[in-house]
Amino acid sequence: MNWVTVCVVLLLRFTLIRTQSSSDAVSDESIIWTHHAVLDNEGKVQLFWLPGMDDIVFEVQVETKGWVGLGFSQDGTMTNADIVVGWVINNEPTLQDRFATGHTVPEMDSQQDYKLLKGYENETHTILRFQRKYNTCDQKDHVITNDTMRVIFAYHHDDPQQGNLMQHQKEGSRSLFLVGINQILNVETTPNTQAFEMRVSNISLPIADASFCWRKLFKFTPTSVNDVVIGFQPIWNMELAGAIDHIWLYHCDVIGSTATWDERQGERGYQCFAPETPPEYSNCSRIIASAVTGSMGTKVPQKSGYSFGQKSGESVYLLLEIVYTNWKRQATNEIHDSSGLAMIYTSETVPYQASTMTVGHTLGMSQIIPLDQMAFATMGYCDGEYTKKALPTDGVYVYEIFIRSKIYGKKIVLRHLRNGTEMPPVAKDELYDPKAQVYRVFMDPVHVMPGDNFILECTYDTKQAQTTILGGTGQDNEACLAYLNYFPRTDLLECTSSPPLTKLFQWLGTKQAVDVEITTYQDLADNESNSKFVEYLKYYNWVSRATEFQNIMREEYTAYTVFRDQANATISEPRQPPKVNSPFYVHDQCSGIIPGTGTIIESNNTMDHQDIPWPPEQSGQPVQHEEHGNMEPSIPVTNPDDHNTMMGDHPGHDHNMAMPEHHDFTSDNNTIVEASTMPSNNGTGSGMPKLQSSSAVLAATMILSLTLLKL
């Protein structure tokens with residue numbers, strides 16, 4: 001292969017990706033939506049969107065005949081919110097770009113950055129479709145980024161009178177991921193493909209509670225050592241649409257005999273953090289799959305499969321967690337649920353096995369977060385010594401990541417260093433919401449080489465905390481972790497760090513105050529030491545000391561690593577953090593200036609893409625996937641022929657995923673979510689053209705690229 005071919009491949013890839021831009025499609029009737037969310041608790045406010053390269057197209061469908069508002073906010077309130085308001089009168093749609101300074105009628109923005117594409121009403125709903133750039137360079141607009149965006153909404157049942165908005169009758173907010181390559185992918189099934197179904201056992205949701213969490217243990221016994229997981233499919237109870245906050249699946253680390261684990265897996269399950277919760281559940285901390293309301297499933301990259309690393313005849317234990325919120329609206333009687341996840345696996349041989357690596361701060365009491373802090377940062381390091389030891393010469397490719405704080409996290413950044421040079425961050429969320437987290441999928445898998453370092457920085461807001469917060473698995477504990485799903489699989493399971501024990505206790509003065517000799521973190525497992533340590537920190541006076549503590553804990557760290565088939569973790573001597581000789585900067589797109597440098601650079605790329613080399617040909621075509629929307633019809637369709645470009649009908653997607661005959665995914669009002677249809681526009685509106693999905697474009701690009709690479 002010569003350089004001309006390489007240039008052609010790169011040019012074609014760039015050109016085809018650029019054709020995804022949503023601005024290319026504003027004149028035809030239909031559009032293939034790749035994202036969807038229900039914003040309210042009653043299913044009356046539906047949001048659809050399609051991210052492009054430079055801009056994003058939205059459509060709101062609201063059960064009202066009055067005005068509708070959608071906005072972006074820093075904290076989910078109207079204060080300093082970027083808002084778009086619209087309505088339809090006599091088949092004439094109106095759209096206005098506004099901004100709010102508080103809980104008052106939003107003011108008109110002098111710079112109108114939202115472009116109306118379509119607007120109409122039917123007998124029950126108002127539908128508005130519009131478009132805007134990710135970064136409008138308007139100080140009154142919010143930049144739409146990869147962060148967890150707080151999307152707010154409001155509506156009224158009447159239209160404005162002479163253009164004057166009445167105060168909303170309904171309002172709310174939801175945290176969403178708006179930016180990302182979203183591929184509608186079918187999990188290919190063969191005679192060797194099976195589904196392992198994990199559901200909660202017809203649990204009863206208490207009417208009195210506003211939120212509820214349930215966990216249940218499952219035992220999965222692969223048919224062979226070659227069995228690998230190729231995808232996960234949520235099983236939803238449609239009567240609870242919008243009421244399930246999230247579904248998480250944990251991989252459990254079995255310590256000792258499996259006898260008690262076998263007993264637990266046959267049980268009905270337990271309410272999260274209940275006193276009677278079995279101790280085995282605390283060994284299930286590695287999240288390997290996730291789903292939120294509306295998710296349609298995820299798929300492992302082609303030519304690879306997720307491996308548990310099981311030996312012949314060895315079973316795997318998995319913990320299913322489902323969190324419910326605001327389900328009381330669904331019915332007046334007691335509600336039962338049997339939702340869950342289906343794990344799709346195959347015995348066919350794959351070139352590469354995928355796995356999960358945990359990086360960040362070691363989970364446990366070594367993580368101490370002072371109370372009453374606006375922004376306290378905890379650091380977790382993955383030492384390059386251990387990636388050098390564990391990773392293959394050609395490195396590995398991270399295709400998705402789950403970043404986790406449990407209660408007080410407000411910002412998380414996973415920094416990536418190679419030989420002192422800082423690469424683009426693997427993940428960065430400056431608007432982090434602990435209650436709205438799922439796996440985030442990369443457009444380009446991140447290439448990690450032997451010797452690379454990771455630094456996970458978690459920032460917490462503890463102004464509402466009543467006491468010092470400790471890391472751990474409990475309900476009131478915190479975490480600073482990132483779960484990296486990657487291929488090919490290695491023996492490295494965990495690469496985390498903690499502050500050096502001696503420095504930590506010396507600074508806190510615990511030896512004198514607690515009067516217990518503590519020489520290792522394992523000593524804290526002793527009940528007497530544990531209780532005294534916790535009680536001492538509970539009333540610790542952090543006034544004027546929190547910043548000093550934060551800085552002291554950054555000076556050194558103790559590396560903590562776990563390798564597969566290793567009985568105990570490897571704990572290093574104290575060492576200093578890696579030096580950053582060349583920091584990574586993100587320039588201000590509007591000014592073109594790198595912050596803090598005064599350097600002006602030219603770029604018209606509005607997305608925070610990562611300049612990571614595309615994986616080599618032998619690794620197969622990497623696949624990106626994210627949660628997809630539940631496209632259940634919310635508006636009556638008046639023209640059945642006006643929806644032939646929906647998600648289920650475009651090439652390469654089949655919601656009716658073939659499953660083994662002995663699995664019934666539609667019983668008990670539970671179903672694997674399928675796409676549905678778009679509402680008719682009743683003959684009004686300018687319409688938009690049929691748009692090829694980003695997945696089809698990328699797939700075509702990669703096929704062409706790989707073909708040329710073989711020349």
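Visitor: What's the average pLDDT of the chain?
Guide: This is a predicted model, and the chain averages a pLDDT of 76, with 72% of the residues scoring at least 70.

Visitor: Where does pLDDT stay under 50?
Guide: One stretch is residues 1–28, where the model has 62 contacts beyond four places in sequence. Another is residues 594–711, with 322 such contacts.

Visitor: OK, on to packing. Which residues touch the most other members of the largest nonpolar core?
Guide: That core has 54 residues, and the ones touching the most other members are V359, I368, I401, L414, L508 and F549. There's also a second, separate core of 36 residues that includes L240, F308, L318 and F487.

Visitor: What is V359 in contact with, leaving aside its neighbours within four places in sequence?
Guide: Its partners include L414, F454, L456, L481, A482 and L484, plus the cysteines C382 and C495.

Visitor: Tell me about strand β33. Is it enclosed or open?
Guide: Largely enclosed by the rest of the structure, because seven of its seven residues, 481–487, are buried. L481, Y483, N485 and F487 point one way, while A482, L484 and Y486 point the other.

Visitor: Which strands pair with β33?
Guide: Strand β24 (residues 352–361) pairs with β33 in the antiparallel sense over six bridges, and T356 has N485 as its bridge partner. Strand β27 (residues 396–404) is also antiparallel to β33, over seven bridges; there V398 stands opposite Y486.

Visitor: Switching topic: how many disulfides are there?
Guide: Five. Counting bonded cysteines along the chain, the pattern is 1-10, 2-4, 3-5, 6-9, 7-8.

Visitor: You mentioned C382 and C495. What's the S to S distance there?
Guide: It's 2.2 Å, and with 95° about the S-S bond the link is right-handed. C382 lies in strand β26 and C495 in strand β34, so the pair ties together parts that are 113 residues apart in sequence. C382 is buried at 1% relative accessibility, and C495 is buried with a relative accessible area of 1%.

Visitor: And C213 with C272, left-handed or right-handed?
Guide: Left-handed, because the torsion about the S-S bond is about -60°. The sulfurs are 1.8 Å apart, and both cysteines are buried.

Visitor: What about C252 and C284?
Guide: Their sulfur atoms sit 2.0 Å apart, and the torsion is about 105°, so that disulfide is right-handed. It links strand β16 to strand β18, with the cysteines 32 residues apart.

Notes. Residues are numbered from 1 along each chain as its sequence is written. This is a predicted model: local features need pLDDT of at least 70, side-chain atom pairs count only at pLDDT 80 or more; totals for chains, interfaces and linings use all residues. Side-chain values use heavy atoms; hydrogens and water are left out. pLDDT is the predictor's confidence in each residue, from 0 to 100. Contact means heavy atoms within 4.5 Å. A nonpolar core is a set of buried Ala, Val, Leu, Ile, Met, Phe, Trp, Tyr and Cys residues joined through side-chain atoms within 4.5 Å. Buried means under 20% relative accessible area, exposed over 50%, partly exposed in between (1.4 Å probe, protein chains only). Helices (H or I, at least four residues) and strands (E, at least two) are DSSP runs, numbered from the N terminus. Two strands pair if DSSP finds at least two bridges between them. A disulfide is a pair of cysteine sulfur atoms within 2.5 Å.
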